[in-house]
Amino acid sequence: MAGSADFDLYRPAEEHDMLRESVRSLAEAKILPFAAAVDEESRFPQEALDALVASDLHAVHVPETYGGAGADALATVIVIEEVARVCASSSLIPAVNKLGSLPVILSGSEELKAKYLGPLAKGDAMFSYALSEPDAGSDAAGMKTRAVRDGDFWVLNGVKRWITNAGVSEYYTVMAVTDPEKRSKGISAFVVEKGDEGVSFGAPEKKLGIKGSPTREVYLDNVRIPADRMIGAEGTGFATAMKTLDHTRITIAAQALGIAQGALDYAKGYVQERKQFGKPIGDFQGVQFMLADMAMKIEAARQLTYSAAAKSERVSAGGDKEDLTFFGAAAKCFASDVAMEVTTDAVQLLGGYGYTRDYPVERMMRDAKITQIYEGTNQVQRIVMARNLP
Ligand SMILES: Cc1cc2nc3c(=O)[nH]c(=O)nc-3n(C[C@H](O)[C@H](O)[C@H](O)COP(=O)(O)OP(=O)(O)OC[C@H]3O[C@@H](n4cnc5c(N)ncnc54)[C@H](O)[C@@H]3O)c2cc1C
């Protein structure tokens, strides 16, 4: 897979098209058959993890230097999009592996990169991202988790909330306050391991959607870790956390895009089969106009998402004139709003059947909702965009 930044801004190169075809066939064969059960039973999609690891698609963003596939940002988006098209919960495996490990890639020491990215690339460990807390969501800088220096160690205490894949992941990027006087400039980032003494997890949250992706609290009770587990310099953790989100909001846009495409594809097939008034409902112009609007919105979201991915790639290659903060927020906000509209319309097109769990579109509608909430709500994305107008 390419690591090059000079691909066309709006149209994926041929290698990206080939990647899409191979991820789509893997997702349809190995992930789709379990998607309904994973949702129904609120269980981790182990089949998806196994299939993704076997094809080296579980953490494609890891650079080749550390044993990864070295996929560029657009290739990563395509993997997430195609997995989300059949199962949104499963798409959080490649997405959150990127979210959790990007702080290390962006700001970590060579030692941290060598130690933690190798097992991630091999599929021996997953990575989570622990920023949010019970009382610090949109205002993440208001966090209370504390890290106190003790000789060659840091001692962490606090509660992180809503942590995706918590309990399954081996590694956690944890943001904690090292200097309470300095607010966001007094926050540092650390790698915490699941096996570190004092780390434990809350019960899985009972959610509306993405039920296959465990969301749990992470408790840090006097967790004593070596000082070299700090990611970057003391006080830079919040900046690293925000820089990470500039890149990874694009992966949430990809997830939203995939969910929306899955819903459109299903509805497109259904309207040709379902007959009312003596003909397929797809023959009615009122239905055709809905499908046209759905496809139009998805394509607009795709263009914005791919364009943002191209910017992410160029920023990673050293570019500094890309308005990535605006584009990351815009892609996530726009694509997630589109996913909510399109999945709602897909349920509508299936009529009463769409409202039942016998068909996948109601799951897609429930799954779409989270994309408007996490990695910053869409109100927060609008604040971010307004502060970073291109
Ligand atoms: C399933 C799930 C998985 C998650 N995964 C992770 C994860 O892996 N790691 C992690 O760190 N976090 C994770 N999160 C946390 C997520 O990012 C937060 O839930 C989100 O940022 C919102 O924070 P909050 O829930 O505290 O809502 P609040 O901040 O309390 O917001 C409540 C409402 O107020 C609005 N609001 C708040 N401030 C403003 C403002 N200034 N202007 C306008 N409106 C505003 C919000 O938009 C929202 O509508 C996850 C959440 C969920 C539900």
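Ala, Val, Leu, Ile, Met, Phe, Trp, Tyr, Cys and Pro count as nonpolar here, Asp, Glu, Lys and Arg as charged, and the others, Gly among them, as polar. By that scheme, the shell around the ligand has 11 nonpolar, nine polar and two charged residues.

The model is predicted: local features need pLDDT of at least 70, side-chain atom pairs count only at pLDDT 80 or more, and totals for chains, interfaces and linings use all residues. Residue numbers start from 1 along each chain, as its sequence is written.

**Stop 1: the ligand**

Select the ligand and its surroundings. A residue is near it if its C-beta atom, placed from the backbone, lies within 6 Å. The shell holds 22 residues, of which Gly 137, Ser 138, Trp 162, Thr 164 and Thr 377 come nearest.

Next, colour by secondary structure. Helices (H or I, at least four residues) and strands (E, at least two) are DSSP runs, numbered from the N terminus. At least two shell residues come from each of β1 (127-130), β3 (153-164) and α11 (378-387). Now colour by domain, with bounds from an automatic or database domain assignment. Domain 2 (127-235) and domain 3 (238-387) each give the shell at least three residues.

**Stop 2: the whole chain**

Zoom out. The protein chain has 11 helices and 10 strands. Its C-alpha trace spans about 80 × 45 × 40 Å along the principal axes. The radius of gyration is taken over C-alpha atoms, and the globule rule is 2.2 Å times the number of residues to the power 0.38. For 390 residues a compact globule would come near 21 Å; the chain has 21 Å, which agrees.

Colour by burial. A residue is buried if 20 or more other C-beta atoms lie within 10 Å of its own, exposed if 12 or fewer, and partly exposed in between, with C-beta atoms placed from the backbone. Of the 390 residues, 52% count as buried.

**Stop 3: domain 1 against domain 2**

The chain divides into domain 1 (14-122), domain 2 (127-235) and domain 3 (238-387). Select domains 1 and 2. Their C-alpha centres lie 22 Å apart. Two residues are in contact if their C-beta atoms, placed from the backbone, lie within 7 Å. On that basis, 24 residues of domain 1 are in contact with 20 residues of domain 2. On the domain 1 side, α1 (14-40), α4 (88-107) and α5 (110-122) each give two or more residues. α4 gives the most, with 12 residues. This side divides into 12 nonpolar, nine polar and three charged residues.

**Stop 4: the UniProt spans**

UniProt positions follow the numbering used here, feature names are shortened, and annotations may be inferred rather than shown by experiment.

- Select 14-124. UniProt places "domain: Acyl-CoA dehydrogenase/oxidase N-terminal" (unreviewed entry) here. The span is 75% helix and 0% strand.
- Select 129-223. UniProt places "domain: Acyl-CoA oxidase/dehydrogenase middle" (unreviewed entry) here. The span is 0% helix and 47% strand, with its end C-alpha atoms 17 Å apart.
- Select 235-389. UniProt lists "domain: Acyl-CoA dehydrogenase/oxidase C-terminal" (unreviewed entry) here. The span is 77% helix and 3% strand.

**Stop 5: two positive phi angles**

Select Ser 42, in the loop between α1 and α2 (46-54). Its phi is near 45°, a positive value in a residue other than glycine. Ser 42 is partly exposed, with 16 other C-beta atoms within 10 Å.

Finish at Ile 210, in the loop between β6 (199-201) and β7 (215-226). Ile 210 has a positive phi of about 30° and is not a glycine. It counts as buried because 29 C-beta neighbours lie inside 10 Å.
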